[in-house]
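I opened the model to look up a few side-chain contacts and the surroundings of the ligand. My notes follow in the order in which I checked things.

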Amino acid sequence: MTVAIEMGLTTAGAAAAMDLEELLATRLLVQGNSGSGKSHLLRRLLEQSAPWVQQAIIDPEGDFVTLAERFGHLVIEAEDHTERGLQVAGERARLHRVSTVLNLEGLDAENQMRRAAAFLGGLFDVERDHWYPMLVVVDEAQLFAPAVAGEVSDEARKLSLGAMTNLMCRGRKRGLAGIIATQRLAKLAKNVAAEASNFLMGRTFLDIDMARAADLLGMERRQAEAFRDLERGQFMALGPALSRRPLRLNIGPTDTSPRNSTPRLMPMPEAALEDARAVILAAPPPDASRPQRRPAPDLLEQLRAAKAAAPVISAEVVEEPVSAEELAERRERVDRTLRAVLAAPDAGFRAIGVLYQEFVVRCRIEGLGASVPDLGEFRRMLTHARAGLGTEIAEDDAWQEVSLRASILPDDMQGVFMMIARAAKEGWPCPGDAAIARAYGSHSLRRAQRLLGYMEEQGLIVVQLDGGGRRFVTLVELAWATAPGDPHGDDQPAEPIANAASA
Ligand SMILES: Nc1ncnc2c1ncn2[C@@H]1O[C@H](COP(=O)(O)OP(=O)(O)OP(=O)(O)O)[C@@H](O)[C@H]1O
Ligand SMILES: [Mg+2]
C-alpha cells in the first residue's frame, strides 16, 4: 500500500506529495529560520497523516495541543509528571497505539530535556510485539540535540542527546520515524541531523546554516544561496519520500491552527492608563501567592478521602466573639485531640479522610463541635504533627520558609519533606526508608525512595551517600543537612508520629 501525503503544490502548480511508507523508513529533517513556516509544515504533515499512522509530538511551546480537538491526540502536560511517569506513558502510548502530544511548555531547558528524553525512552524501549510504525515529530530539535554544551547539566544533555540519537539512528527498526525541525542547522548535533534522508529546507539567512544545509543535501554552496529567497511557507524538498531532485513547493493550508499564533498588530487602547507608574510599578505580590503547578494529584486517594469525609457535616462558623484565652484554650484542646488520633498504632497508614473523620468525632466528644478545623486546616496540622513540630516551632521564621518550599509539593508529600527538614535542622540522621514510607502513610520502601527522588527533581533537596553507604540529605536553599543515616535502618530518633503522640 502506498499512502501519499499531500503537502501542498510545487511552484509549477503540481500536487506535491510525500510517500508515507518511504518516510517511515527514511526520516525527515526540516530547517528554516524563525517564521519560515516549519511548525505549519509539521502541522500539515500531521493532519494529513493522522488517519494513517500513530503520532507522537514533542512540543516545546505547546503549539500542537490543538490537534487534540480535531484528531483526538492525548495531550500530556509534561510539567505534571515525573520522568519515570513519562517513560511509562511513552510505553503505554505505544502499547495502546494512542497518538500523543507531549507539551513541554513552561519547563526550563533542563527539565524539557529530561522529560522529553524519558518519554522518547519509553517509546523506544517497548517490546518487539508493539513495534508498529509511528511518526515521532520533534519541533525545535536543537533544544533536545544541541550541537554544543549549553547551560544545562551534562546529565540532562546526555539523556536528551542519547534519546534523539536513538530515535534517528536506531528508531527505524522499532517502527519509529523521526521527523525533526530546527531553526538553525548549525545548532543541531551533527549525528542527529545526518540520519535523515529527506529534507525540507525553508528560508535561511545565515551562511553557516546554509553551508551545513548544502553539505547535507550534497549541493554546491552556491546553489544553497537559493534558500535565502524562499518565502514563508515555501520549502525546497529533496529525498526518497519527496523528490529525487530539489523541488520547490508551497505548503498547503491546515485545518487546525496553532494555539500560540503569531501576535498581530492590535490598535492601541484609546484611553491612556491613568497613573501608569503606580499600576505598572506596584510592589510585586509575594512569591507564595504564585504557586507553581503541582504534579497530578492521586485521584484514587482523593476519592477515598472524599468518600470517608462525606458524612461529616461541615463545621459551622463561630459567630459569637471569643477572647484570646478562650481561643488559645480551644486550640490546645484541638491539638490534644489530634495527638490522640495520631497515637493509634496504625495512624500513619490511614488515609487522611479516615483520620479526619475520627478527628471530627473526637472533637465533638470534646465539645469542640463549633470550632473543628476544616479538612485543609487539618491537613496542615497533620503535616506539622507528622514532622514532629509543635505549634511554637511551626511559627519560627525558618520554618515558615520550609513550609513555603514544601508548598510546591503535593499535600501528601509535604509531611515527609517537613520530617526530613526537621532532621536536617536538628542535625539528626536522615530518616530511613521505613520511617519515610510511614510518614507518607505507605508500607512501600520503594515509594519512599521515589519520594526522595521526586523532591530532588523539584530542586528541594540533594540526596547523597557517604563512604559507608549512609544517606544524608541537604536542603537546597536553607543549606541544612541531616547527619548520615542508614537507609535501611529504622531506629530513628526523629520518629515523627511517636514524637507527636507523646509530646
Ligand atoms: N504555508 C503557509 N500558509 C499559510 N500560513 C503559513 C504557512 N506557513 C507558515 N504560515 C504562517 O506563518 C507564521 C509562522 O509560521 P510557523 O509558526 O510555522 O514558523 P516557524 O518556522 O515554526 O517559526 P519558529 O521557528 O519561530 O517556531 C504562522 O502564523 C503560520 O500560520
Ligand atoms: Mg515553530
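I count a polar contact as a pair of N or O atoms within 3.5 Å; within protein, one must be able to donate a hydrogen and the other to accept it. The model is predicted, and I kept that in mind throughout.

Entry 1, a buried glutamine. I started from Q234, which lies in strand 10 (residues 234-239). Is Q234 buried or exposed? I looked up its relative accessibility and found 7%, so Q234 counts as buried, the cut-off being under 20%. Which side chain does the side chain of Q234 contact? I found the side chain of N250, at 3.2 Å, which falls under the definition I began with.

I listed the residues around ligand 1 and got 14, of which S34, K38, S39, H40 and Q183 come nearest. By class, I noted one nonpolar residue, 10 polar and three charged in this shell. Which element gives the most to the shell? I found that helix 2 (residues 38-49) does, with three residues.

For G37, a backbone N or O atom lies 3.0 Å from an oxygen atom of ligand 1. For S36, I read 3.4 Å, again from a backbone N or O atom to a ligand oxygen. With E140 the atom is a polar one of the side chain, 3.5 Å from an oxygen atom of ligand 1. I also looked up the cover: on its own the ligand has 620 Å² of accessible area, and the protein covers 74% of this.

Entry 3, aromatic pairs. How many aromatic pairs does a search of the whole structure find? I got three. I wrote down Y356 with F378, a tilted pair with 5.1 Å centre to centre and 55° between the planes. Y356 belongs to helix 13 (residues 352-365) and F378 to helix 14 (residues 375-386), so the pair ties together parts that are 22 residues apart in sequence. I checked accessibility too, and both Y356 and F378 are buried.

I found the charged end of R97 over the ring of Y132, 3.8 Å from the ring centre. I also noted R174, which lies over the face of F124 at 4.2 Å from the centre of the ring.

Note on methods
Residues numbered from 1 in each chain as written. Chains lettered and ligands numbered in written order. Predicted model: local features only at pLDDT ≥ 70, side-chain atom pairs only at ≥ 80, totals over all residues. Heavy atoms only, no water. Phe/Tyr/Trp six-rings, centres within 6.5 Å; stacked < 30°, edge-to-face > 60°. Helix = DSSP H or I, 4+ residues; strand = E, 2+ residues; numbered from the N terminus. Buried < 20%, exposed > 50% of the residue type's maximum accessible area, 1.4 Å probe, protein only. Lys NZ or Arg CZ within 6 Å of the ring centre and 35° of its normal. Near = heavy atom within 4 Å. Areas by Shrake-Rupley, 256 points an atom, 1.4 Å probe, with all protein chains shown as cover. Nonpolar A, V, L, I, M, F, W, Y, C, P; charged D, E, K, R; others polar.
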